Amino acid sequence: MTLSGREAYKEELTALAAGDPRIVCLEADLGGAGHPFARRFPERFLNLGIAEAAAVDIATGLASAGLRPFLSTFAAFGTWRAAESVKLGLGYQGAPVVLVCPYGGASGGWFGPTHHGLEDLAVVQSLPGVRIAVPCGEAETRAVIRSAAAQDRPCYVRLARNEPYEAPFPPAGPGEVGWVHRGDGPACLVSIGEKPAGLCSAATRERPDLSHAHLCWVDAESLAQAAGELAASARRIVVVEEHRGAGGVASTLALLLPGHEVLSVNAGTSWLSEGGDHDETLAALGLTAEAVLTAASLTPTLTQGAT
Amino acid sequence: MNPIDLARERALRARRSVVDMAASGVGCHLGGSLSVLDILVAAYTVAQDRPGVEVVLSKGHAAAALYAVLHQVGVIAEDPAPLYGKAGAPYTGHPSPKVPGVRFPTGSLGHGLAYAAGWALSRRLLGAPGGAIAVVGDGELQEGLVWETLQIVQAKRIGGLTVVVDVNGGQNDGPVADISPLTRLPERLAAFGLEVIEIDGHDIEKLMDVLVPRERPTAVLAATVKGKGVPAVEGKAASHYVKISPARARQWKAVAR
């Protein structure tokens, strides 16, 4: 059975910790219950409670002493509640803390905007030196956790909620472009995360001439490595991401490719205070396969749901 | 010279150096640097004899005192005073890890205490000796992060942590008591499971005894005087940030005590 990204993270970290005594698992009351790490390595597992800013700082202190803390809380809290701690610890100090945040994007659905993480990448992307991964499915999540543990770099890992995802493509490493579909048309769709990958696949079924590339590592350093390959594939690049337009992957990629046409299909600008599951929430935010097709086809000024 | 006299001598020299930094052209947080200076001398004297003990100046705006003390205890080889605030030198108004002996950048208040708690916790996880001495300001205790951290210290039984509060009674805009008083502070700290010790924050000998990190986390409420040791500013709230001329610095250093 395929595991959700959240469960895959827990399993993979627990497996890694068997061979790496530096790994410490920290939780902030949003994933600690029944954690396999706690059962296997109780002395290296600490649920620090609802105190995200202090948790990031304490993780920074642990990292400074040579330990490798993995800290998990929801994206909205890990990036915003603890924003300054992330800036000073992972950014300024470059502390090798891995911040693993489920509830990225609108995966919180009916929990509402307090629990949506539609601005998380903007926070972390603004901090030079922090690596960012948005893995899709179990295998890629496991690969990201292994990579993060081996890098000795600060990392932000954005996950979704509890829904398992069967990724129809192999994991992409830092700087790698994962090609999901190669078309011969003028536009390349670039999906960031699980739901956008699904939207892009739906779009390429409709328009097989469109290409679809998947990126997992989306920090500026990784994007700089991937940008050339993307630019060579098509005249127009349409980034599809579960994020606001401001500070998203498209905005970073556009700065890296000033001579290229980089469009963004994103979660728009509304604060959606209504129920609905993940898909319904995205649809209400304008993040749909139709919006992707529109952006791929029309001039930028006429695109629906695109900025 | 016995260790106590040596520490006092270092404190006097460091005071003069801080006055020089006030005459650097950019000025410095003079009042709070002079109030915390004896605490820092004691803390580094304690740490130098004990492997794994980290001193974290959480009230990073007292950077001038930190640089002066680190120079006096031999961690910073060069004299930082002429370089304070200068381009190309690491002696910024709030300390960074570019400065020898500084592990964590501080100045945004509250974070240094949490870093220190993380360091203290690392001793337990690594099975290594040591602990942490976090030096915080009394105004700094208005930050929620301080109490969030103490909550975790208590909940996770983080030992080997001494929290020294430089109780100088002042903050940027005036007296702490006028802006946001720290009502029943000893009781509040005790409620978080800390052993609370109240002492004279300029008694280096006693400080050297109580600052040693112990198994049970300790809060040392060190009563201090802003501007301590420089008569022109001693006890004056206006000493928070001071910029003076080199000529005045010479006068003040001559009577520093």
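Student: Which residue of chain B stands opposite B:D166 in β3(B)?
Tutor: Happy to start there, keeping in mind that this is a predicted model. Strand β2 (residues 131-137) of chain B runs parallel to β3(B), and six bridges join the two. Within that pairing, the residue standing opposite B:D166 is B:G137.

Student: And in β7(B), which residue is the bridge partner of B:D166?
Tutor: Here we turn to another pairing of β3(B). Strand β7 (residues 218-223) of chain B runs parallel to β3(B), again with six bridges joining them. In β7(B), B:D166 has as its bridge partner B:A222.

Student: How many residues of strand β3 of chain B are buried?
Tutor: Let's take the two faces in turn. On one side B:L161, B:V163, B:V165 and B:V167 are buried, and on the other B:T162, B:V164 and B:D166 are buried too. Both faces are therefore covered, taking buried to mean 20 or more other C-beta atoms within 10 Å of a residue's own. For strand β3 (residues 161-167) of chain B, the count of buried residues is seven of seven.

Student: What is the handedness of the β-α-β unit that β2(B) and β3(B) make with a helix?
Tutor: The helix in question is α5, residues 144-155 of chain B. The two strands it goes with, β2(B) and β3(B), run parallel. Together, β2(B), α5 and β3(B) make a unit that is right-handed.

Student: Why is one side of β1 and of β6 of chain B left without a neighbour in the sheet?
Tutor: The open sheet has five strands in the order β1-β2-β3-β7-β6 (chain B), with parallel pairing. For β1 (53-57), the pairing with β2(B) goes over five bridges, and B:V55 has B:I133 as its bridge partner there. One side of β1 and of β6 (195-200) is left without a neighbour because each stands at an edge, with a single partner strand.

Student: At about what angle to β2(B) does helix α2 of chain B run?
Tutor: Helix α2 covers residues 30-48 of chain B. The helix lies across β1, β2, β3 and β7 of chain B. Relative to β2(B), α2 runs at about 175°.

Student: Moving to chain A, which strands are the edge strands of the sheet there?
Tutor: Five strands form an open sheet in chain A, in the order β7-β9-β8-β10-β11, and the pairing is mixed. Inside that order, β8 (residues 187-192) and β9 (residues 211-215) pair in the parallel sense over five bridges, with A:V190 opposite A:A213. The strands that pair on one side only are the edge strands, β7 (178-181) and β11 (261-265) of chain A.

Student: Which strands of chain A does helix α10 lie across?
Tutor: Helix α10 takes in residues 249-256 of chain A, and runs at about 155° to β10(A). The strands it lies across are β8, β10 (236-241) and β11 of chain A.

Student: Which element gives the most to the side of chain B that touches chain A?
Tutor: The contact takes 23 residues from chain B and 22 residues from chain A. On the side of chain B, two elements give two or more residues: α4 (111-126) and α5. The residues of that side divide into 14 nonpolar, six polar and three charged. With eleven residues, the element that gives the most is α4(B).

Definitions and conventions: Residues are numbered from 1 along each chain as its sequence is written. Chains are lettered from A and ligands numbered from 1 in the order in which they are written. This is a predicted model: local features need pLDDT of at least 70, side-chain atom pairs count only at pLDDT 80 or more; totals for chains, interfaces and linings use all residues. Two strands pair if DSSP finds at least two bridges between them. Helices (H or I, at least four residues) and strands (E, at least two) are DSSP runs, numbered from the N terminus. Two residues are in contact if their C-beta atoms, placed from the backbone, lie within 7 Å. Axes are lines fitted to C-alpha atoms, for helices over the stretch in contact, and angles run from 0 to 180 degrees between N-to-C directions. A residue is buried if 20 or more other C-beta atoms lie within 10 Å of its own, exposed if 12 or fewer, and partly exposed in between; C-beta atoms are placed from the backbone. A crossover is right-handed if, with the strands pointing away from the viewer, the path from the first strand over the helix to the second runs clockwise. Ala, Val, Leu, Ile, Met, Phe, Trp, Tyr, Cys and Pro count as nonpolar, Asp, Glu, Lys and Arg as charged, and the others, Gly among them, as polar.
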